[in-house]
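Please look over the sequence and the structure first.

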Amino acid sequence: MSTVLETEEHTALRTAVAALGRRYGRDYLTRVVTEGAHPDELWADAAKLGYLGVNLPEEYGGGGGGIAELSLVLEELGAAGCPLLMMVVSPAICGTVIARFGTDAQKRAWLPGLADGSRTMAFGITEPDAGSNSHRITTTARKDPGTGDWLLTGRKVFISGVDIADATLIVGRTEDARTGRLKPCLFIVDRDAPGFQRRAIPMELKAAEKQFELVLDDVRLPADALVGDEDAGLLQLFAGLNPERIMTAAFALGMGRYALARAVEYAKDRTVWKAPIGAHQAIAHPLAQVHVDLELAGLMTRKAALLYDGGDDVAAGEAANMAKLAAADACVKAVDQAVHTLGGNGLTAEFGLASLIVASRVARIAPVSREMILNYVSHQTLGLPKSY
C-alpha cells in the first residue's frame, strides 16, 4: 500500500507490524483454525508491542493514537495473511465507546486490559429480526425500582468471539420516561452473568473467531453496567459503528493485498509457453486493476479514519461507509482474480487462497450490507428520497 499522504510515524508503524505479520503468516493462522483454537500467540505478541491498544488513551496504557493507527495494524496483519478479527470488536468498537463515553470507573476497569490484550470484549447488536434496521432492536432493559439494577432481556445473533471475551457490550433499548419511546443504550454484560446464554452457530466460514447466538433472560446488571448517558444512546452507538466500518475496510484491504501478492508472485514465475503468464495482458491487466481498486479504497479508508479521529462524526460516517463498501468490493475482486490467475492451484490447500473466497465476502455482508450503504449515500449525501 502506498505511503503517500501518511506520516513518517504511520509508515514506521506499517513496517513494524508487517515484520510481526511475517513471523506468523497464513500458515500459522490456518493451523490455528484447523485446531479449533485462537491465535493467542500472535495476539500476545501484538499486545506486547503495543499494537492492540494503539488507539486507546495513554493514561490507561494505550498508545494515544486513533482509529487511523489501529486500522493500519489490522491492514498490515491482513496483508501478511494473519488478520486479528477481534481487533475490530475489542479495542476498536468497545474500547472507543468506553474511552469516549464510559465512566471513570468503567475506564479504569476495562481500558488497561483492552490496551494490553489481557482482556477482550465482544459487541452485540444484530438480532434475528433486526439485521440492518437497528431501530427494530427488541432487546430491552428495564430498571428494578427496588434495587436500581437493570434487567436485560432479548436475543442476538452472529456475535463474534463471545467464548473468549470477558464481557459483551450489548446494545439494548430503554423506555424514555418523557415520550414512552424506546431508545438505544449500551450495557456491559459479563460472560458468566446469570441468564446470559450462548450457542455457537455452525458456519461454513472457517475462522478462529466463532459466531454465536445469545439469549438474555432477565440478566440482572448493576446500575453502573450502563455505559455513558442513558439519553445519548445513538451518539454512543455510532461512535462505535463508524470505527467498525473503518476497521472492516482495513480487514478487507489486508486480505485483498495478500491475495494480490500471491497472484503476482505466481504470475511472475509460472511459465506455460515461452514467457511467464504475467507477461500476457489477459493476466496482467486484471491484476493491475485490482491494485488500482485497492489503492483507491485505501485512500478512502485513511480519509475516514482521519475524519473520525478529528472528531467529525458526521463526515466520518459518510466516509466510513464508502470506505467499507469500496474496500469490500476490491477485496472480493482481488481474491477472485488471484484464484483465477492460479487456475487449479488457486483451489489447493498449498496456496491457501480458496478459503479466502468465502472469507472475502464477510466484508461485503458485515457489519452493514453494500445495499444499505448505497441507501445511506443516496439519501444522506445526495438528498434523494428514501424507499423505506
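## Strands, helices and local details

In this structure, Phe-196 stands opposite Leu-216 in strand 7. The model is a predicted one. Strand 7 pairs with strand 6 (residues 196-200) in the antiparallel sense, over five bridges. Strand 7 (residues 211-221) is also joined to strand 3 (residues 150-160), and these two run antiparallel with eight bridges between them. Within strand 7, Leu-214 is the residue opposite Lys-156.

Strand 3 also holds Phe-158. The phi angle of Phe-158 is near 55°, which is a positive value in a residue other than glycine.

| Helix pair | Distance between axes | Angle |
|---|---|---|
| Helix 1 (residues 8-34) and helix 2 (residues 40-48) | within 11 Å | roughly 165° |
| Helix 1 and helix 3 | 8 Å | about 35° |
| Helix 3 (residues 67-79) and helix 7 (residues 281-309) | 8 Å | about 145° |

The axes of helix 1 and helix 2 cross at roughly 165°. That makes helix 1 roughly antiparallel to helix 2, because angles over 145 degrees count as roughly antiparallel. The crossing of these two helices is left-handed. On the side of helix 1, the contact is made by Leu-20, Arg-23, Tyr-24 and Tyr-28, and on the side of helix 2 by Asp-40, Glu-41, Leu-42, Asp-45 and Ala-46. Sorted by class, the residues of this contact are five nonpolar and four charged, with no polar ones.

In the pair of Tyr-24 and Tyr-28, the ring centres are 4.8 Å apart and the planes lie at 65°, so the pair is edge-to-face. The planes of an edge-to-face pair are over 60 degrees apart. Tyr-24 and Tyr-28 are separated by about one helical turn, because they are four residues apart in helix 1.

Helix 1 also packs against helix 3, at an angle of about 35°. Helix 1 passes helix 3 in a right-handed crossing. Helix 1 contributes His-10, Leu-13, Arg-14, Val-17, Ala-18, Leu-20 and Gly-21 to this contact, and helix 3 contributes Ala-68, Glu-69, Leu-72, Val-73, Glu-75, Glu-76 and Leu-77. These residues divide into eight nonpolar, two polar and four charged.

One loop remains to be described. Pro-367 lies between helix 9 (354-365) and helix 10 (370-381), in the loop there. Which form does the peptide bond from Ala-366 to Pro-367 take, cis or trans? The bond is cis, and its omega is near -5°.

Notes. Residues are numbered from 1 along each chain as its sequence is written. This is a predicted model: local features need pLDDT of at least 70, side-chain atom pairs count only at pLDDT 80 or more; totals for chains, interfaces and linings use all residues. Side-chain values use heavy atoms; hydrogens and water are left out. Axes are lines fitted to C-alpha atoms, for helices over the stretch in contact, and angles run from 0 to 180 degrees between N-to-C directions. Angles under 35 degrees count as roughly parallel, over 145 as roughly antiparallel, 65 to 115 as roughly perpendicular and the rest as oblique. A crossing is left-handed if the near helix is turned anticlockwise from the far one by less than a right angle, and right-handed if clockwise. Contact means heavy atoms within 4.5 Å. Ala, Val, Leu, Ile, Met, Phe, Trp, Tyr, Cys and Pro count as nonpolar, Asp, Glu, Lys and Arg as charged, and the others, Gly among them, as polar. Two strands pair if DSSP finds at least two bridges between them. Rings of Phe, Tyr and Trp (its six-membered ring) pair if their centres lie within 6.5 Å; planes under 30 degrees apart count as stacked, over 60 as edge-to-face and the rest as tilted.
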